[in-house]
Amino acid sequence: MEFWVGLYGMQSTRSCPRAGPWMYREVLCHAAAAEQLGYDGFALTEHHFWYDGYCPSLMPVLAALARATERITLLPLALLLPLRDPLRVAEEIAVVDRLAGGRLALGFGYGYRSEEFEGFEIDRRRRGARFAEQIAVLRAAFGGERFSHAGEFYRYHDATLAPRPWQRPHPPLWLAGGSQAATARRAGQLGLGYCAAGTGQSLDGVAALFAEYHAAADAAGVPASARRLGVAVDTLVARHPDELARVIEEDIVPVYAEQLVAFGFVREPDGTPVRELPRQHPIFRVLLDSFVIGTPEEVVARIRQFEALGCNVFMPRLVEANFRSAAILAHLRLFAEQVMPHFRAGRR
Amino acid sequence: MRTGILLTCGTAATPDLDALMARGRAADGAGYTSLWLGERHGDHERPAPVPLVVAGALAAETEDILLGAMVKLALEHPIKIAEDAAVVDLLSRGRLLFGADAGADERELAVYGRSRHEQHARCIEALDIIVRSWTCDGHAYRGRHHTLPAQTRALPSDAMGCRVEPYAPPYIDPWQRSGLPFDYLAVTPKPARLPHPPVFVVAHDSASMALAAARGWSPIFPPCSTPEDLPARADAYWRALEAVGRSRTDVVLTVICPVVLYDGTTDASAEAARTPGVLAGTPLEVVDRIKRLQHLTGLGQIVCDFDLPGITADAALRALESFAADVRPRLEM
């Protein structure tokens, strides 16, 4: 099993505000630290028009990370492909993959916030169909031949991709989804890797999504060797239960109370978005139950459950709980030293 | 006089981004003011893809040098360009110079099925949207080519279409606005540099030069085969700038110029040296010619292109260093 540091977003939240240039300096330090600590990958996440400055442009940051690291896989998870022109994305992929010496992987996502689609003048309702066409364009571009394409959403005449990616034919492609079975099926059908969101979802829910993925891949004739499964989930490891309780109350709850309101995920029964979330609200129970939280032994046991589902890559989101740099570095180290070795016995 | 360098990445057959990075580091160490990246797509003999992504990598590779990116406005959504530029500015701690390139060659337009006649109007819209996205807390835009947000009901509340204080009551903090109808787009993050990264306009033609002058932005003159035209074109720019009441001190007239330096090892009869428009000579001759150009045009920044056909990568790197050592100090005296 591989470990990729998950979902790094460069956010300056109300509960932990930070200066922009400083955050972007830190992400380079954290990626280099993750590489030294033995992680296999480092993933960034994207949103647009977000009050806390959530990074909307992953490829320039990945290009910088490519020059600040030497070994680890770098990837967006997820790059919101339906908002973009696929030929432009193919060019960016090629350049970053070359800058990284072939260490780029691609995690795509559909996106769901209507603000994002309206800001890019894209019809949100057709994003699934658009995505399938975009993957076809990407594969045609990566083929290296001159190509033309006339589809429902995009038309290209006599296009070529230059330069081409370092990896041939192209970097590994993943699709990341929330809790929707349709996304898992789309990934299986298109022969992409699939990354489920463990946050807010039970183990059974993840198992069901993986089953959907395999069923769709079987139907499309995708060989077992070409399938890849991952799970991205908020992870908190601490040596003592007291420490866990402290971090949950001081760091995780305030950040989630803010982000859940901001995303508008929690609604009153009449459909209006909730503007204040009290600590007793049931959503916190659901979230904290889905997180991988505990002492190192407990966390190892939880990850084994994902491993048993056939998960190839575990993406712990170690950064969301606390945006302070020193705490992130200490947490990265603790997880790398206390948890990862249990899964590495045969490899190193 | 400021000095810059144009970076390119080899040929389509052998694109060499590592060499480009090395040259960026060398220019940073040698004390150049700026480096510049262009944008060309497809199997061009000198490909230059996605300058803002390459600039992101150079932000990590360099410390002081300003990062100039000449972005083709026609081929990407303006909001995406604004976001990418802001992120590169943050990554580089405020070192981005934004070059707006309203041009596109016929092949690039043909790939995307775009027509040439609407090209300029489209680029002006894009540039307006980009600058507002950097500076306005929230903005709505209705133009010929873009309506942002797509479902907006907002009519511009001021001439710029920006949301202005005080907001219509009741006031709701941005972080609590989710689920409410949104008539304005709040593009984040904002760039590091205030009010926004300096804008340069690639002066392909009189229309783009007029645009630069009207907004008080600096022009970049691309390399031209007839350098004799340059004084006349610069003069037209200065007159247009004066006509709108802008000050000369706010802009930097920039010229991209192919340079060949004779240092004893370069073959003075090489094809590159004899090409019209190439600044070729010994360091002292080049100093003279640049000073003359400065006198004739009000030149504020020269961007050297050392990576010319027939010049090896090693020779280009030597030229970079020798220009920094022998030419640059004499220009600043």
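User: Which residue in β11(B) is the bridge partner of Val255(B)?

Analyst: Start with the ground rules: helices (H or I, at least four residues) and strands (E, at least two) are DSSP runs numbered from the N terminus, and two strands pair if DSSP finds at least two bridges between them. Here, the partner of Val255(B) in β11(B) is Ile302(B). Strand β9 of chain B and strand β11 (residues 301-305) of chain B pair in the parallel sense over five bridges.

User: Before we go on, what kind of model is this, and how are things numbered?

Analyst: This is a predicted model, in which local features need pLDDT of at least 70 and side-chain atom pairs count only at pLDDT 80 or more, while totals for chains, interfaces and linings use all residues. Residues are numbered from 1 along each chain as its sequence is written, and chains are lettered from A and ligands numbered from 1 in the order in which they are written.

User: Which other strands does β9(B) pair with?

Analyst: β8(B) pairs with β9(B) in the parallel sense over two bridges, and Phe221(B) has Val255(B) as its bridge partner in β9(B). Strand β10 (residues 279-281) of chain B also runs parallel to β9(B), joined by three bridges.

User: Is β9(B) enclosed or open, and how would I tell?

Analyst: Count neighbours: a residue is buried if 20 or more other C-beta atoms lie within 10 Å of its own, exposed if 12 or fewer, and partly exposed in between, with C-beta atoms placed from the backbone. In strand β9 (residues 254-261) of chain B, eight of the eight residues are buried, so the strand is largely enclosed by the rest of the structure. Thr254(B), Ile256(B), Pro258(B) and Val260(B) point one way, Val255(B), Cys257(B), Val259(B) and Leu261(B) point the other way, and all are buried.

User: How do I read a helix, and which residues of α6(B) are buried?

Analyst: An α-helix has 3.6 residues a turn, so residues three or four places apart point the same way. In helix α6 (residues 206-215) of chain B, the buried residues are Ser208(B), Met209(B), Leu211(B), Ala212(B) and Ala213(B). To see what covers them, look for contacts, meaning residues whose C-beta atoms, placed from the backbone, lie within 7 Å. The cover includes α5 (119-135), β7 (199-202), β8 (218-221) and α7 (230-243) of chain B. Just after α6(B), Gly216(B) takes a positive phi of about 75°.

User: How many residues does each chain bring to the contact between them?

Analyst: Chain B brings 50 residues and chain A brings 47. On the side of chain B that touches chain A, the largest share, nine residues, comes from α2(B). That side has 33 nonpolar, 11 polar and six charged residues (Ala, Val, Leu, Ile, Met, Phe, Trp, Tyr, Cys and Pro count as nonpolar, Asp, Glu, Lys and Arg as charged, and the others, Gly among them, as polar).

User: What is a nonpolar core, and which residues touch the most other members of the largest one?

Analyst: In soluble globular proteins, nonpolar side chains tend to be buried together. A nonpolar core here is a set of buried Ala, Val, Leu, Ile, Met, Phe, Trp, Tyr and Cys residues joined through C-beta atoms within 7 Å. The largest has 209 residues, and Leu62(A), Val96(A) and Leu67(B) touch the most other members. The largest share of this core, nine residues, comes from α3(B).

Methods:
Two residues are in contact if their C-beta atoms, placed from the backbone, lie within 7 Å.
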